[in-house]
Amino acid sequence: MPQPGTARERRAAERRQQILDAARAAADADGWAAVTSRRLADAIGYTQPVLYEHFPGGKSEIMRTVALAGFTELAAATRAAAGSATGAQAAAAVAGAYLTFAAAHPALYEAMFQLPIDARFAQDDAETELRSGFSALADALGDDGDGTVTEVFWSALHGMSLLERAGRMRPEHRQHRITELAARFAACP
């Protein structure tokens with residue numbers, strides 16, 4: 001995001017980022033239920049009306065903004081992991097990066113995929129951040145079709161991430177699951 005030009009615009013952008021950082025920190029520490037306008041105002045040293053000046057939609061707008069930034073982070077992580085790899089290597093690298101991201105950022109992942117954020121998933125007019133995240137997965141798989149293969153791959157990764165977080169999968173077998181998943185999807189046309 002380019003820096004705004006005037007000193008006032010820069011201060012507003014900094015305050016906005018402080019609010020987002022405070023929301024993410026509070027969610028990381030105590031879950032999204034603990035993210036309140038009072039707590040955020042206290043955390044950044046401003047009044048609650050200042051929060052609403054920057055985020056008129058309140059908590060839901062803040063959570064949506066955090067989630068969309070998360071999609072950008074996830075896309076960057078999966079693209080970096082895939083690098084120039086192709087086939088099963090690319091799929092495995094992306095799967096590993098995805099699962100690592102989900103485990104490292106549980107509150108962010110929850111906002112991205114489980115909480116209502118008023119985003120347009122699976123729509124032609126989906127937000128740029130969502131399209132970028134989906135494209136990172138599709139590119140790793142070589143999915144140049146209608147996206148169904150990528151949706152199934154993403155679904156498998158999402159399920160694995162939730163099952164891992166709930167302690168329903170053997171941690172020592174993660175790499176085996178990734179290898180198996182990658183082999184199956186690398187074979188898809």
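User: A crossing is left-handed if the near helix is turned anticlockwise from the far one by less than a right angle, and right-handed if clockwise. Which hand does the crossing of helix 5 and helix 9 have?

Analyst: The crossing of helix 5 and helix 9 is right-handed. Please note that this is a predicted model, in which local features need pLDDT of at least 70 and side-chain atom pairs count only at pLDDT 80 or more, while totals for chains, interfaces and linings use all residues. Residues are numbered from 1 along each chain as its sequence is written, and side-chain values use heavy atoms, leaving out hydrogens and water.

User: How many helices and strands are there?

Analyst: The protein chain has nine helices and zero strands, where helices (H or I, at least four residues) and strands (E, at least two) are DSSP runs numbered from the N terminus. The C-alpha trace spans about 55 × 35 × 25 Å along its principal axes.

User: Back to helix 5 and helix 9. At what angle do they pack?

Analyst: They pack at about 135°, with their axes 8 Å apart; axes are lines fitted to C-alpha atoms over the stretch in contact, and angles run from 0 to 180 degrees between N-to-C directions. Helix 5 and helix 9 are therefore oblique to each other, a class left after under 35 degrees (roughly parallel), over 145 (roughly antiparallel) and 65 to 115 (roughly perpendicular).

User: Which residues meet there?

Analyst: Among them, Ala-88, Ala-95, Gly-96 and Leu-99 of helix 5 meet residues of helix 9 including Ile-178, Leu-181 and Ala-182. Contact means heavy atoms within 4.5 Å.

User: And how do helix 8 and helix 9 pack?

Analyst: Their angle is about 170° and their axes lie 11 Å apart, so helix 8 and helix 9 are roughly antiparallel to each other. The residues that helix 8 brings to this contact include Val-149, Phe-153, Leu-157 and Glu-164, while helix 9 brings Arg-174, Arg-177, Ile-178, Leu-181 and Phe-185.

User: What else does Leu-157 touch?

Analyst: Not counting residues up to four places away in sequence, Leu-157 touches Ala-95, Tyr-98, Leu-99, Leu-137 and Leu-181. Leu-157 is also one of the residues with the most contacts inside the largest nonpolar core, which has 48 residues. Such a core is a set of buried Ala, Val, Leu, Ile, Met, Phe, Trp, Tyr and Cys residues joined through side-chain atoms within 4.5 Å.

User: New topic: is Asp-118 buried or exposed?

Analyst: Asp-118 is exposed, with a relative accessible area of 67%; buried means under 20%, exposed over 50% and partly exposed in between (1.4 Å probe, protein chains only). Asp-118 sits in the loop between helix 6 and helix 7, and has a positive phi of about 55° although it is not a glycine.
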